[in-house]
Amino acid sequence: MAEIITMPRLSDTMTEGTVASWLKKVGDKISEGDILAEIETDKATMEFESFHSGTLLYIGVQEGETANVDSVLAIIGKEGEDYKSLLEGSSSEGKKNEPADTKEEKQTESDSKADTSDKKEVKEEEQSEETASEIPDNVSVVTMPRLSDTMTEGTVATWLKKVGDEVKEGDILAEIETDKATMEFESFYAGTLLHIGIKEGESAPVDSVLAIVGPAGTDVSGILSGGSKPKAKTEAKKEKSSEDKSDKKESNTEKETTAKTESSSSTNDSNRVFASPLAKKIAQDKGINLSDVKGSGENGRIVKNDVENFTPSAKTVSTETKSEEKSTTTSSTLKAVPTGEVYAEEVKNSQMRKTIARRLAESKFTAPHYYLTIEVNMDNAMTSRKLINSLPDTKVSFNDMVVKACAMALKKHPQVNSQWTEAATIINHHVNVGVAVAVEDGLVVPVVNHTDLLSLTQIGSSIKELAGKARSKKLQPKEMEGSTFTVSNLGMFGIEEFTSIINQPNSAILSVGAIIEKPVVKNGQIVVGNTMKVTLACDHRTVDGATGAEFLQTLKHFIENPVTMLA
């Protein structure tokens with residue numbers, strides 16, 4: 001069935017959007033995750049992805065035109081499907097308070113139809129009125145958002161608001177753990193938090209009831225029961241009285257801690273910084289570390305003025321004490337097990353762990369893997385790196401050199417820079433190298449876009465920045481999308497050689513081992529040399545053995561002769 005795509009709300013202050021450009025046209029095939037259009041909001045121009053698959057049947061807002069949030073942007077369905085009735089139906093259902101004149105016109109038009117169709121329309125209108133009346137005025141149901149293109153369910157890591165708290169538009173309601181990162185979720189509504197549908201640590205599918213926001217004291221039992229009329233407010237009164245008691249207790253402690261919170265920065269016990277999206281953007285542009293900024297907003301939240309008025313100062317020794325506290329807490333959590341006893345612990349799988357398991361299993365069992373290994377002489381690379389790093393403010397790692405060499409080799413062997421689909425093989429002529437980064441919960445692959453066009457220092461700074469974001473759980477979904485090739489490096493752990501599972505939809509992944517000092521033969525003489533083994537895992541559907549071997553030969557040439565990467 002055809003799906004109506006509405007103008008999305010891409011920022012907390014957005015009320016209307018302008019279509020800057022359409023990247024698809026009517027009749028084009030749409031896959032889930034494809035970018036439909038670029039939409040200009042009140043803050044930036046952003047890409048808008050499709051959450052549906054099918055054919056683009058209708059475009060409601062043309063390029064350059066502006067429309068309100070929730071206006072019909074497009075319709076996606078099966079090829080040749082009749083969408084006009086759906087479009088007319090959605091416009092009539094969207095108008096709750098329709099004038100009587102227009103209703104009479106519709107009735108006169110429907111008189112010409114059969115009596116059976118009139119009865120069906122009357123029943124549908126009555127049902128829509130009944131369902132609409134179930135949700136009280138000014139009450140908004142907040143559902144589990146879809147925060148990444150592959151997200152099917154989310155886990156509430158922490159709630160930053162509790163039932164009864166006042167919520168303003170733009171306030172952070174909760175931290176939600178997706179399959180890729182833990183992200184802050186802001187409220188698009190103002191009012192009182194009336195109900196929490198998903199507790200901390202619980203998981204739920206996308207579009208499940210996350211919370212309900214509305215006027216204080218509103219009975220939402222009718223919404224929760226799924227269609228019955230709102231019940232008596234006895235339960236709400238009990239909850240409110242219990243909350244009032246807890247609020248009284250908390251008010252005493254709050255008075256004692258206000259002085260402490262004012263003098264401290266806007267970070268909580270887990271060192272997570274609370275800041276508005278605009279403040280984060282300004283801080284990123286200015287290169288300001290938000291953990292050094294004191295917030296003046298609600299609960300110490302950093303706002304725009306805090307960043308603009310920030311002046312760098314000497315850091316205190318609080319970081320040292322925090323690290324000491326962290327080490328003591330982690331050591332205290334280790335459980336002592338008596339010798340000889342059997343002990344097992346059940347650890348709940350995180351969303352990231354589930355996604356890693358699902359995607360790697362899909363890759364391993366759908367893509368026919370084969371592996372090619374080659375040994376590279378690293379003597380020239382080590383000499384070149386030493387010279388490069390002797391320059392002021394320059395630091396390049398061996399991994400940066402490997403990533404650059406991969407990008408250069410991919411330009412010469414585009415077949416390796418491809419992806420498989422049932423209809424065709426897609427050859428990518430742009431090179432976006434993903435770099436595997438180990439984090440606490442598993443593994444993420446941030447992407448360095450247009451790697452072949454970047455210098456070694458630019459690649460190094462990009463990887464360092466992305467890896468830092470990944471480990472602090474600040475990596476955005478768009479920074480993990482669009483890779484055409486992947487590099488995984490375990491050399492820093494002393495691993496000499498290993499194989500990896502292809503990061504689909506890529507066709508290949510390179511596994512990089514450690515640099516080993518050992519005897520080698522040069523010019524008929526046995527001398528001490530430095531070598532490194534790399535293994536290329538290929539999808540045999542797109543990359544034949546000879547193609548993979550030629551790619552490795554080119555890669556070896558670039559790594560052994562780094563000066564050639566400057567040509």
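**Entry 1. Helices H11 and H12**

I began with the pair formed by helix H11 (residues 398-412) and helix H12 (residues 456-471), which pack at an angle of about 115 degrees with their axes 9 Å apart. Angles of 65 to 115 degrees count as roughly perpendicular, so H11 is roughly perpendicular to H12. I noted the crossing of H11 past H12 as right-handed. The model I am reading is a predicted one.

I then listed the residues in contact. From H11 I recorded Asn-399, Asp-400, Met-401, Val-403 and Lys-404, which meet Leu-456, Ile-459, Gly-460 and Ile-463 of H12. By class, the residues of this contact divide into five nonpolar, two polar and two charged.

**Entry 2. The chain as a whole**

I looked up the overall content next. The chain holds 13 helices and 26 strands. Of its 567 residues, 37% are buried. Among contacts with a separation of 6 or more, 61% are between residues 24 or more positions apart.

**Entry 3. The sheet E1-E8-E6-E3**

I traced an open sheet of four strands in the order E1-E8-E6-E3, with antiparallel pairing. E1 and strand E3 (29-30) stand at the edges with a single partner strand each, so one side of each has no neighbour in the sheet.

I followed the pairings across the sheet. E1 pairs with E8 over four antiparallel bridges, and I found Glu-3 bridged to Ile-76 in E8. Strand E6 (residues 54-59) is likewise joined to E8 by four bridges, the two strands running antiparallel; here the bridge partner of Thr-55 is Gly-77 in E8. E3 and E6 pair in the antiparallel sense over two bridges, with Ile-30 opposite Gly-54 in E6.

I also checked how covered strand E8 (residues 72-77) is. Five of its six residues are buried, and I recorded the strand as mostly covered.

**Entry 4. Pro-8**

I turned to Pro-8, in the loop between strand E1 (3-6) and strand E2 (16-22). Is Pro-8 buried or exposed? Its relative accessibility is 13%, and the limit for buried is under 20%, so Pro-8 counts as buried.

Which residues does Pro-8 touch, if those up to four places away in sequence are not counted? I found Met-14, Ile-39, Phe-48, Val-69 and Leu-73.

Angles over 145 degrees count as roughly antiparallel.

For one pairing I noted the bridges. Strand E12 (residues 172-177) is joined to E13 by five bridges, with the two strands running antiparallel. Within this pairing, Phe-185 in E13 is the bridge partner of Ala-174.

**Entry 5. Backbone geometry in loops**

Asp-207 has a phi near 80 degrees, a positive value in a residue other than glycine. Asp-207 sits in the loop between E15 and strand E16 (209-214). With a relative accessible area of 57%, Asp-207 is exposed.

His-450 also has a positive phi, near 50 degrees, and is a residue other than glycine. I located His-450 in the loop between strand E23 (447-448) and H12, the helix that packs with H11. His-450 counts as partly exposed, at 41% relative accessibility.

Where is Pro-505 found? I placed Pro-505 in the loop between strand E24 (485-489) and strand E25 (508-522). The peptide bond from Gln-504 to Pro-505 is cis, with omega near 15 degrees.

Notes
Residues numbered from 1 in each chain as written. Predicted model: local features only at pLDDT ≥ 70, side-chain atom pairs only at ≥ 80, totals over all residues. Heavy atoms only, no water. Pairing = 2+ DSSP bridges. Axes fitted to C-alpha atoms, helices over the stretch in contact; angles between N-to-C directions. Parallel < 35°, antiparallel > 145°, perpendicular 65-115°, else oblique. Left-handed = near helix turned anticlockwise from the far one by under 90°. Contact = heavy atoms within 4.5 Å. Nonpolar A, V, L, I, M, F, W, Y, C, P; charged D, E, K, R; others polar. Buried < 20%, exposed > 50% of the residue type's maximum accessible area, 1.4 Å probe, protein only.
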